[in-house]
Amino acid sequence: MGIDRPAAAATGEPGDWVREEEAQASFPRATFGDLARRHPAEGVVVLDVRRGSERAAGYIEGSVHIPVHALHRRLGEVPDGEVWVHCAGGMRAAIAASLLDAAGRAVVAVDDSFDAAEKAGLTFRTP
């Protein structure tokens, strides 16, 4: 992850980390195979949060591209619908899914290697 010297750590259970008036939240995780069974379909948005250099090597047809580092400023650009967010391996997708979930969006984090996308049957494009 790039964190060599953590300055803090969480202790206890997740339920201990929220205030009394707050509820725990979560969002679904899926694979590219799961996405292939849903896409393309009306109301399904595929959000690619990889860097531009990664996307230049290939992408899922019809996907929207907003790199994770810019997503917080560009949330309004994500089309309406259930957002299936992916990256190259799952970590950035989880971060992006958290941002979208906090913004009230229906989201699914694709927790899978991007190498599996084309193998799953998703239409793959190169620029």
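In this predicted model, the largest nonpolar core comprises 16 residues, of which L47, V49, L71, V78, V83, V85 and L100 touch the most other members. Two or more residues are contributed to this core by each of strand 2 (44–48), helix 3 (68–71), strand 5 (82–86), helix 4 (91–102) and strand 6 (107–110). Helix 4 supplies the largest share, with 4 residues.

When neighbours within four places in sequence are left aside, V85 is in contact with L47 and V49, with A93, A96 and A97, and with V107, V108, A109 and V110.

The geometry of helix 4 was examined next. The buried residues of helix 4 are A93, A96, A97 and L100. Viewed down the helix axis, these buried residues fall within an arc of 105°, and they therefore line one face of helix 4. An α-helix has 3.6 residues a turn, so residues three or four places apart point the same way. The buried residues of helix 4 pack against strand 2, helix 3, strand 5 and strand 6. Helix 4 is followed by G104, for which phi is positive, near 90°.

Terms used: Residues are numbered from 1 along each chain as its sequence is written. This is a predicted model: local features need pLDDT of at least 70, side-chain atom pairs count only at pLDDT 80 or more; totals for chains, interfaces and linings use all residues. Side-chain values use heavy atoms; hydrogens and water are left out. A nonpolar core is a set of buried Ala, Val, Leu, Ile, Met, Phe, Trp, Tyr and Cys residues joined through side-chain atoms within 4.5 Å. Buried means under 20% relative accessible area, exposed over 50%, partly exposed in between (1.4 Å probe, protein chains only). Contact means heavy atoms within 4.5 Å. The arc is that of the directions from the helix axis to the C-beta atoms.
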